[in-house]
Amino acid sequence: MTVLVCGGAGYIGSHMVRVLREAGVAVRVFDDLSTGHREAIEGVELVVGRLQDRAALDVAFAPGDVEAVIHFAAKALVGESVADPLLYYDNNVIGTLRLLEAMQRHAVKRLVFSSTCAIYGVPETDRIAEDHPKRPINPYGASKWMCEQMIGDAARVGIRSVCLRYFNAAGAALDGSIGESHDPETHLIPNVLRSVFGLAPDLVVHGTDYPTPDGTCIRDYVHVLDLADAHARAIEFLRENDGAHAFNLGTGQGLSVLEVIAAVERVSSIPPRWRAGVRRPGDPPRLVADATRAHQILGWQPRHSGVDQIVASALAWHNQPRY
Ligand SMILES: NC(=O)c1ccc[n+]([C@@H]2O[C@H](COP(=O)([O-])OP(=O)(O)OC[C@H]3O[C@@H](n4cnc5c(N)ncnc54)[C@H](O)[C@@H]3O)[C@@H](O)[C@H]2O)c1
């Protein structure tokens with residue numbers, strides 16, 4: 001079996017590729033390298049192309065060995081999506097449509113899709129479950145929800161799917177050999193570490209007056225290796241189950257920005273320098289997953305997602321980043 005990993009040169013995709021190869025699964029990566037890194041997937045077969053390009057996708061499917069697709073390839077910056085929404089609909093929605101068409105052309109029936117808690121919008125409950133209303137508040141979240149709806153309808157032509165709705169992906173390979181490298185970097189943990197290493201100006205905490213215990217936003221951080229494990233389970237689940245399925249992936253434990261900063265200080269022994277800034281528009285105070293369905297149906301349990309484990313692996317990567 002070959003698994004085609006779209007977006008496999010990116011942050012989460014490259015960890016997925018590593019986990020699949022360690023399990024003895026053949027992998028081909030399809031990526032346009034727009035935000036991905038060739039160095040993150042050394043020794044892995046790579047087809048460079050854009051999802052929107054039918055001919056490029058046909059090259060990736062042509063050998064006829066693809067049994068399942070994992071689809072990470074997307075633009076994923078909320079602010080950029082507000083500034084340039086059409087880019088997001090082209091890349092994420094049209095790209096996913098072209099991928100579904102290619103799967104139909106090449107009779108590939110199993111798809112695991114990277115979705116996000118951004119599809120829910122402002123939460124109406126303490127913990128967010130899969131049946132929470134979908135009211136995305138930015139084009140990024142809207143584009144992902146459109147993708148989910150297309151993917152759901154593709155079940156009518158025999159494409160089985162699992163949409164995995166991640167909360168906040170974090171951490172790196174435990175040996176620090178691959179990790180998170182985005183430009184610009186908008187995620188909290190790499191930015192705290194960059195400030196610890198003096199690679200970035202002091203960290204700005206966006207909003208210290210939220211209705212949370214310490215006034216800063218609460219998010220649900222899940223280790224990238226735990227995400228990869230959920231994908232591997234989803235691929236197996238689709239052997240036995242047709243139709244379209246969705247699962248939230250988070251720990252159910254929210255951490256505030258200040259709690260993350262404290263964890264970085266604990267693990268690195270360096271107090272990060274930070275200052276209070278204004279709130280960012282559209283940041284809900286609290287986003288925490290109810291991942292009961294993933295526990296019950298996929299048998300998934302996070303094993304690396306303690307905050308100190310997340311920070312220790314991210315620190316190992318940031319000590320010697322290769323890309
Ligand atoms: N990082 C998170 O916390 C998080 C949270 C929720 C959901 N997600 C989703 O997970 C997925 C991966 O996120 P990431 O942080 O690894 O992002 P990333 O930017 O590191 O990886 C995305 C990869 O897809 C490639 N790509 C993008 N558009 C493409 C296109 N049109 N054709 C071919 N390749 C293309 C990029 O080059 C890159 O290698 C995304 O779909 C994102 O929406 C991420």
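Let's start with a term: a residue is called buried if 20 or more other C-beta atoms lie within 10 Å of its own, exposed if 12 or fewer do, and partly exposed in between, with the C-beta atoms placed from the backbone. Helices (H or I, at least four residues) and strands (E, at least two) are DSSP runs, numbered from the N terminus.

With that in hand, look at strand β8, residues 203-206.

A word on what you're looking at. This is a predicted model, in which local features need pLDDT of at least 70 and side-chain atom pairs count only at pLDDT 80 or more, while totals for chains, interfaces and linings use all residues. Residues are numbered from 1 along each chain as its sequence is written.

Back to β8, which has a partner. Two strands pair if DSSP finds at least two bridges between them, and β8 and β13 pair in the parallel sense over 4 bridges. Val 205 stands opposite Ala 276 in β13.

Another sheet is an open one, made of 3 strands in the order β12-β9-β14, with mixed pairing. β12 (255-256) and β14 (286-287) stand at the edges with a single partner strand each, so one side of each has no neighbour in the sheet. Strand β9 (residues 218-219) and β14 pair in the parallel sense over 2 bridges, and Arg 219 stands opposite Leu 287 in β14.

Now step back to the whole protein. It is divided into domain 1 (2-170 + 221-249) and domain 2 (188-219 + 252-319), with bounds that come from an automatic or database domain assignment. The C-alpha centres of the two domains lie 24 Å apart. Here contact between two residues means that their C-beta atoms, placed from the backbone, lie within 7 Å. By that rule, 25 residues of domain 1 are in contact with 25 residues of domain 2. On the domain 1 side, β7, β10 (221-223), α7 (224-240) and β11 each supply at least two of the touching residues. The largest share, 7 residues, comes from α7. To sort residues by class, Ala, Val, Leu, Ile, Met, Phe, Trp, Tyr, Cys and Pro count as nonpolar, Asp, Glu, Lys and Arg as charged, and the others, Gly among them, as polar. The side of domain 1 that touches domain 2 then has 16 nonpolar, 4 polar and 5 charged residues.

Next comes the ligand. It is surrounded by 28 residues, and the closest are Gly 7, Gly 10, Gly 36, Ala 74 and Ala 169; a residue is near a molecule if its C-beta atom, placed from the backbone, lies within 6 Å of it. The elements that give two or more residues to this shell are α1 (11-22), α4 (85-105), β5 (110-116) and β7 (168-170). α1 gives the most, with 3 residues. By class, the shell has 11 nonpolar, 13 polar and 4 charged residues.

Helix α1 also holds Val 19. Val 19 has 18 other C-beta atoms within 10 Å, so it is partly exposed. Leaving aside neighbours within four places in sequence, Val 19 is in contact with Leu 225, Ala 228 and Ala 232. The C-alpha atoms of Val 19 and Ala 173 are separated by 9.9 Å, although these residues are 154 residues apart along the chain.

The buried residues of α5, including Tyr 140, Trp 145 and Ile 151, pack against α3 (78-83), α4, β5, β6 (160-166) and β11 (244-249).

The peptide bond from Asp 183 to Pro 184 is cis, with omega near 5 degrees, and Pro 184 lies in the loop between β7 and α6 (188-196). Ala 107, in the loop between α4 and β5, has a positive phi of about 55 degrees although it is not a glycine. With 11 C-beta neighbours inside 10 Å, Ala 107 counts as exposed. Ser 269 sits in the loop between α8 (257-268) and β13 (274-277), and its phi is near 65 degrees, a positive value in a residue other than glycine. Ser 269 is exposed too, with 8 other C-beta atoms within 10 Å.
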